[in-house]
Amino acid sequence: MNFKKDAPPIVREFLVYHETIKNHSPRTVHEYYLDLRNFFRFMKMDKGFAPDNLSLEEISINDIDFDFVSSVTLSDVYNYLYYMSHSRVVSHNSRNVETGISSNTMARKVATIRSFYKYLTKAKKLDENPLADLDSPKTRKSLPRYLTLDEAKNLLSSVSGRNKERDYCILMLFLNCGIRISELVSLNLADIRNDNLRVLGKGNKERVVFLNDACINALNDYLKIRAASPANSPALFITSRKDRISKAAVHSLVKKHIKEAGLDSSRYSAHKLRHTAATLMLHGGVDVRTLQELLGHENLNTTQIYTHVENDSLRQAALLSPLSGFNAETEDDE
């Protein structure tokens, strides 16, 4: 699906802006398109501009223009959100058909709609933003699942098999550097620079990730094996066929080694190893802003979900206060 071909001009301009000026990834821009397409499909249906015999998925938004977009009100958006949370069928193929979408999905859709109208206002296409007072729905914040230090050590110690050096190096980078799986598979040999890696993150933003001794040793051991069987690919991590390793292959090897380590492979994944790295670093004393930069988070709020690990330190600090054992009644008796 190509939004440049399928989206109406007023929506296409917004998407191109995010793709070029904001430098968002094609996947993010595509999600914006899907959210806006879904929203304007509902608007056409709700305002009577779509044939009654068409389902929401069958409604075209190719005729959406500025007049239609500018006619949307705050009440229209609330009607849409009510429909999505109460009437929208989640899965037609599921045995247990459910309605409604998650609070996180709802929040993302609202963010897309708000961003679209904010863009139109900043671009002076709208004199006033009709959705300036649109609130974001509350989302349920769950703590990230992660391995304990002993579980992480056990995972690394149990790595074996034909690709032992490669897999061990991959797990080591996940657990020490907290890189994303997309960042890991895109690494090239040229990205290794002494004691650091050049990582290409979301939105094509580069950052430098420094390597500790464990990572450097794991990389050196793997590079010896890789050099013994040269490949034309510039990729750092390759398969037995000498091709760049895929996300699916990394997901598979992570699950394999987690299971072999005696851990529940249904609970942990490559992304959970990133959570583990973040959690262990906070345990080790890394501050949240440094962790934000290391993980490549654009917003500090994304990083702050990991601060749950500091509860023990905060509790200990309270106990160590000189006044922790103070009792006014006891003092008066003396």
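**Reading the fold**

User: How should I read the contacts in the protein chain by separation?

Analyst: A contact means heavy atoms within 4.5 Å. In the protein chain, 58% of the contacts with a separation of 6 or more are between residues 24 or more positions apart. This is a predicted model, in which local features need pLDDT of at least 70 and side-chain atom pairs count only at pLDDT 80 or more, while totals for chains, interfaces and linings use all residues. Residues are numbered from 1 along each chain as its sequence is written, and side-chain values use heavy atoms, with hydrogens and water left out.

User: How many helices and strands are there in the protein chain?

Analyst: Helices (H or I, at least four residues) and strands (E, at least two) are DSSP runs, numbered from the N terminus. The protein chain has 16 helices and three strands.

User: In what order do the three strands form a sheet?

Analyst: Strands of a sheet pair through backbone hydrogen bonds, either parallel or antiparallel. Two strands count as paired if DSSP finds at least two bridges between them. Here the sheet is open, with the order S1-S2-S3 and antiparallel pairing. Strand S1 (192-193) and strand S3 (206-210) are the edge strands, each pairing on one side only. Five bridges join strand S2 (residues 196-200) to S3, and Asn 196 stands opposite Phe 210 in S3.

User: Which residues have the most contacts inside the largest nonpolar core?

Analyst: In soluble globular proteins, nonpolar side chains tend to be buried together. A nonpolar core is a set of buried Ala, Val, Leu, Ile, Met, Phe, Trp, Tyr and Cys residues joined through side-chain atoms within 4.5 Å; buried means under 20% relative accessible area, exposed over 50% and partly exposed in between (1.4 Å probe, protein chains only). The largest core has 40 residues, and those with the most contacts inside it include Phe 174, Leu 184 and Val 250. Helix H8 (164-177) is among the elements that each supply at least two residues of this core, and H8 gives its largest share, eight residues. A second, separate core of 36 residues includes Ile 10 and Met 43.

User: How many aromatic pairs does a search of the whole structure find?

Analyst: Rings of Phe, Tyr and Trp (its six-membered ring) pair if their centres lie within 6.5 Å; planes under 30 degrees apart count as stacked, over 60 as edge-to-face and the rest as tilted. The search finds 13 aromatic pairs. Tyr 17 and Tyr 119 form a tilted one, 5.0 Å centre to centre with 35° between the planes. Tyr 17 lies in helix H2 (residues 9-20) and Tyr 119 in helix H6 (residues 103-122), so the pair ties together parts 102 residues apart in sequence.
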